[in-house]
Amino acid sequence: MQYGDVEVHNALFEASQRTQTLLERMAVVPRYLEANGLDATPMILQKIQRLSKNAMLEKISNTLHVILEEEVVHVKKGDVWFSYACELEGVTNDIYFKIIDKYYPQGFLRPKNLNLKARKEAGFSCKELNFMAKKELC
Ligand SMILES: [Fe+2]
């Protein structure tokens with residue numbers, strides 16, 4: 001097997017093409033799509049832990065831990081650029097949810113298990129996290 005043999009999704013690339021401003025691109029790509037991975041990865045890891053251990057699952061688990069660690073950095077970088085774009089546009093970070101509603105009118109994805117630690121490290125405020133969870137989490 002070689003790189004490129006397995007099909008993968010290109011949601012981030014498509015979202016990058018659809019968003020036409022720095023503000024919208026940083027809201028959608030790192031702070032929405034990539035940040036959703038911060039919530040999903042721990043759930044996948046939990047499922048793997050329930051399975052019988054073997055060498056392949058160990059590799060997958062180790063890889064997912066690296067991906068999760070790196071994804072926090074990706075989202076944090078996007079958060080820095082998102083805040084910069086907010087300053088340039090003269091808007092507050094509250095614009096985030098309006099942008100997400102614009103690009104995902106079918107409904108804002110509200111993860112069941114927000115990864116508070118990772119999302120805080122990546123720049124999400126408690127105000128945002130509480131709004132996403134529809135309850136006081138922090
Ligand atoms: Fe990423």
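1. Let's start with burial: of the 138 residues in the protein, 20% are buried. A residue counts as buried if 20 or more other C-beta atoms lie within 10 Å of its own, as exposed if 12 or fewer do, and as partly exposed in between, with C-beta atoms placed from the backbone. Keep in mind that this is a predicted model, where local features need pLDDT of at least 70, side-chain atom pairs count only at pLDDT 80 or more, and totals for chains, interfaces and linings use all residues. Residues are numbered from 1 along each chain as its sequence is written.

2. Next, the overall layout. The protein has six helices and zero strands, so its elements read α-α-α-α-α-α from the N terminus on; helices (H or I, at least four residues) and strands (E, at least two) are DSSP runs, numbered from the N terminus. Along its principal axes, the C-alpha trace spans about 55 × 40 × 25 Å. Among contacts with a separation of 6 or more, 64% join residues 24 or more positions apart. Two residues are in contact if their C-beta atoms, placed from the backbone, lie within 7 Å.

3. Now look at α2 beside α3. Their axes come within 8 Å and cross at roughly 155°. Axes are lines fitted to C-alpha atoms, for helices over the stretch in contact, and angles run from 0 to 180 degrees between N-to-C directions. α2 and α3 are therefore roughly antiparallel to each other; the cut-offs are under 35 degrees for roughly parallel, over 145 for roughly antiparallel, 65 to 115 for roughly perpendicular, and oblique for the rest. The crossing of α2 past α3 is left-handed, meaning the near helix is turned anticlockwise from the far one by less than a right angle (clockwise would be right-handed). This contact has 22 nonpolar, five polar and six charged residues. Here Ala, Val, Leu, Ile, Met, Phe, Trp, Tyr, Cys and Pro count as nonpolar, Asp, Glu, Lys and Arg as charged, and the others, Gly among them, as polar.

4. Helix α1 (residues 11–18) also packs on α2, at an angle of about 160° and with the axes 8 Å apart. That makes α1 roughly antiparallel to α2, and their crossing is right-handed. On the α1 side you'll find Ala-11, Leu-12, Ala-15 and Ser-16, facing Arg-25, Val-28, Val-29 and Leu-33 of α2.

5. How do α2 and α4 cross? The axes of helix α2 (residues 22–50) and helix α4 (residues 95–103) come within 9 Å, at roughly 85°. That makes α2 roughly perpendicular to α4. Glu-24, Ala-27, Val-28, Arg-31 and Tyr-32 of α2 meet Tyr-96, Ile-99, Ile-100 and Tyr-103 of α4. Seven of these residues are nonpolar, none polar and two charged.

6. Which residues have the most contacts inside the largest nonpolar core? They are Ala-27, Val-28, Leu-38 and Ala-122, in a core of 17 residues. Such a core is a set of buried Ala, Val, Leu, Ile, Met, Phe, Trp, Tyr and Cys residues joined through C-beta atoms within 7 Å. α2, α3 (55–89) and α4 each give two or more residues, and α2 has the largest share, nine. Leaving aside neighbours within four places in sequence, Val-28 touches Ala-15, Thr-19, Leu-33, Ile-99, Ile-100 and Tyr-103.

7. Finally, is Gln-49 buried or exposed? Gln-49, found in helix α2, is exposed, because 10 other C-beta atoms lie within 10 Å.
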